Amino acid sequence: VIGPIEVGLVINDGLNDSDIYLATVTVEKVTGLVEAENQSIIFPNPASDYIDIVSQDTFSHLTVINSAGQTMAKKEINRNYRLDISALPNGMYILKL
């Protein structure tokens, strides 16, 4: 997309305190854009009970990492997988495929 884009950043300190920063960035030129051959879809976001992972790629492992860098879960998965997250505390997580 060429033109102004509004972007946001949420910084959470892990103690229920968040700061939100908003900025408008103007894109003037896009170069070197390469379409991904394989795509993964992870939904819903946000989620509270489960997340679904649908992919053209074959993954063998999924790791859930919390904002402190701790591994919260490790699972062996295949292309399509439903991950139960209902036991995880509320927060932001990184999924490593």
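A residue is called buried when its relative accessible area is under 20%, exposed when it is over 50%, and partly exposed in between, using a 1.4 Å probe and protein chains only. The model is predicted, so that local features need pLDDT of at least 70 and side-chain atom pairs count only at pLDDT 80 or more, while totals for chains, interfaces and linings use all residues. Residues are numbered from 1 along each chain as its sequence is written, and side-chain values use heavy atoms, with hydrogens and water left out.

Asn66 lies in strand 5 (residues 61-66); strands are DSSP runs of E with at least two residues, numbered from the N terminus. With a relative accessible area of 12%, Asn66 is buried. Its side chain forms a polar contact of 2.7 Å with the side chain of Gln70 and reaches the backbone nitrogen of Ala68 at 3.0 Å. A polar contact is a pair of N or O atoms within 3.5 Å; within protein, one must be able to donate a hydrogen and the other to accept it, and residues adjacent in sequence count only if both atoms are side-chain atoms. Beyond its neighbours within four places in sequence, Asn66 is in contact (heavy atoms within 4.5 Å) with Met72, Met92 and Tyr93.

Strand 3 (40-43) and strand 4 (50-55) run antiparallel and are joined by 4 bridges; two strands pair if DSSP finds at least two bridges between them. Ile42 has Ile53 as its bridge partner in strand 4. A hairpin of 6 residues connects the two strands.

Most peptide bonds are trans. However, a cis bond joins Phe43 and Pro44, with omega about -10 degrees, and the bond from Asn45 to Pro46 is also cis, with omega near 5 degrees.
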